[in-house]
Amino acid sequence: MNKLLDIKTLGELKKTNYKSQSVKDELRANLIAQLKKREGGFEGIVGFEDTVIPDLQTAILSRHNILLLGLRGQAKTRIARLLVNLLDEYIPYIEGSDLFDDPYHPISWFGHHTVTTLGDDTPIGWMHRSERYTEKLATPDVTVADLIGDVDPIKAATLKLTYSDERVIHFGLIPRAHRGIFVINELPDLQARIQVSLFNILQERDIQIRGFKLRLPLDIQFVFTANPEDYTNRGSIVTPLKDRIESQILTHYPRSVEISRKITQQEASLTDEQRANIEADSLVKNLVEQIAFEARNSEYIDKKSGVSARLTISAFENLISNAERRMIINNETSTFVRITDFLGVIPAITGKIELVYEGELEGPGKVANILIGKAIKTLLLEFFPDPEKAKKGKAPNPYAAIINWFGEGNNLALVDDMPLQDYKKELNEVAGLKDLVKKIHPRLTENQQLLLMEFVLHGLAEFSQLNKGFLDNGFAFSDMFNSLFNLQPDDDDDLDLDDDRY
């Protein structure tokens, strides 16, 4: 390849074994080579190995234009951008050409004229694959001129050309993507009349600009992305255009907590200091992912809108930052993520969920707390016995000592900026709590033990064995029944059973 880059004229290029091919043939050939080597080819895409990726490879082998259809946060745009890796590293073009004409097959007036005039002396440039990707976000203000082109009166006047001369055309984004990949994101947002302008390019490979009907055999791999929600809310893909897009590939959300967690850990933007000084146990990482799974099944959240993978990424970043904030305030050198740190996750949830009417009545902050609670309830059963079964069973209730301690009138408050020693002291005061954790999970570090001790309290509250009240910056635990009868009016300032700071 390095030798090819030294070639500067068409004559020199002809003396090599270089053969030009269409962009779709190029993608196909490089994919075949990749498959033979059993290489992945879509780095960073997790959870699609057996679903989306095979469909995508099939479409490329078929040389199809592609529509990636899925809810938000399903890596549609990332997949489209990774297609660039299947292009040749460099391709030659006629230097000075707006459309990066293939020296062997020029399509523009400039390309034809240059080759005809200069012949083998036609100057050659080399274009890297990274320059062969064009992306356009479909917005209501996109025009045909933006995408395809328009007549440029200034150019006509400057060059003293008539409007019948194709040189007066100023080409839009699509013709300038010739020999590359062109992506339109959120296709349904494109006005129907603009979508119609794509018909001929996709099928007949000509472009129509005002009075011109210009035969321009553009060589482009089209990739479109769309959200099914858009078909009802903002617009739709017009049927004839959809008919011209040969392969429609459905994307999906991660199907397991493990895959979702892998994506979050891969994408979360943490500093080196955060990674070094803040310990995040496997439990809290899984808890973040479980929140998203609970959200996707929640009666309060619009399922048609979906719950983006960005929710868990932002939530995990906030979780770490909340722990870091406490560490800085308390002048500590290291810390670990606690369940109380999930208060910092709420802003990452509220901005990424679309509520239905029932959810709007509850409010986004309340819904976020409900989701966190359900995630805790689900995961508790993976670490500890079911509190409901334990209460009704004939065997001694492993939670009895804890519940009785609160039943004697004891309370426990945990705030998110509590120093480690205070946090440890408060948890150790709860009778039976440490013994329960040590009995079921004997091989734990002290940090893991404290985390599970707090986790048990939150879990018991979710199973209605304890009462959990929300403070401005933490939680207060008390007996389920005494808290209802003994709550004084003055206590409202400190403990509110119904509301929190959101």
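Predicted model: local features only at pLDDT ≥ 70, side-chain atom pairs only at ≥ 80, totals over all residues.
Local features were required to have pLDDT of at least 70 and side-chain atom pairs pLDDT 80 or more, whereas totals for chains, interfaces and linings use all residues. Residues are numbered from 1 along each chain as its sequence is written, and side-chain values use heavy atoms, with hydrogens and water left out.

The structure holds 9 aromatic pairs, where rings of Phe, Tyr and Trp (its six-membered ring) pair if their centres lie within 6.5 Å, and planes under 30 degrees apart count as stacked, over 60 as edge-to-face and the rest as tilted. Phe-182 and Phe-222 form an edge-to-face pair, with 6.1 Å from centre to centre and 75° between the planes. This pair links distant parts of the chain, since Phe-182 belongs to strand 7 (residues 180–185) and Phe-222 to strand 10 (residues 220–226), 40 residues apart. Helices (H or I, at least four residues) and strands (E, at least two) are DSSP runs, numbered from the N terminus. Phe-182 counts as buried at 0% relative accessibility, and Phe-222 counts as buried at 4%; buried means under 20% relative accessible area, exposed over 50%, and partly exposed in between (1.4 Å probe, protein chains only).

In strand 10 lies also Ile-220, which is buried at 5% relative accessibility. Not counting residues up to four places away in sequence, Ile-220 touches Val-23, Lys-24, Asn-65, Ile-174, Ala-177, His-178, Gly-180 and Phe-182, contact being defined as heavy atoms within 4.5 Å. Ile-220 and Ile-174 are separated by 46 residues in sequence and by 8.2 Å in space, C-alpha to C-alpha.

Because Phe-383 lies in helix 20 (residues 364–383) and Phe-455 in helix 25 (residues 446–462), the pair ties together parts that are 72 residues apart in sequence. Phe-383 is partly exposed, with a relative accessible area of 23%, whereas Phe-455 is buried at 0%.

Helix 20 and helix 25 pack at an angle of about 115°, their axes being 9 Å apart. Axes are lines fitted to C-alpha atoms, for helices over the stretch in contact, and angles run from 0 to 180 degrees between N-to-C directions. The contact brings Gly-373, Lys-374, Ile-376, Lys-377, Leu-379, Leu-380 and Phe-383 of helix 20 against Leu-452, Phe-455, Val-456, His-458, Gly-459 and Glu-462 of helix 25. These residues divide into 7 nonpolar, 3 polar and 3 charged (Ala, Val, Leu, Ile, Met, Phe, Trp, Tyr, Cys and Pro count as nonpolar, Asp, Glu, Lys and Arg as charged, and the others, Gly among them, as polar). Helix 25 also contains Gln-449, a buried residue with a relative accessible area of 13%. Gln-449 touches Lys-434, Val-437, Lys-438 and Leu-444, residues up to four places away in sequence not being counted.

Elsewhere, Tyr-18, Tyr-104 and Trp-126 form one aromatic cluster. The charged end of Arg-296 sits over the ring of Tyr-253, 4.1 Å from its centre, and Arg-296 also lies over the face of Phe-293, at 5.7 Å from the ring centre. A charge sits over a ring if NZ of Lys or CZ of Arg is within 6 Å of the ring centre and within 35 degrees of the ring normal.
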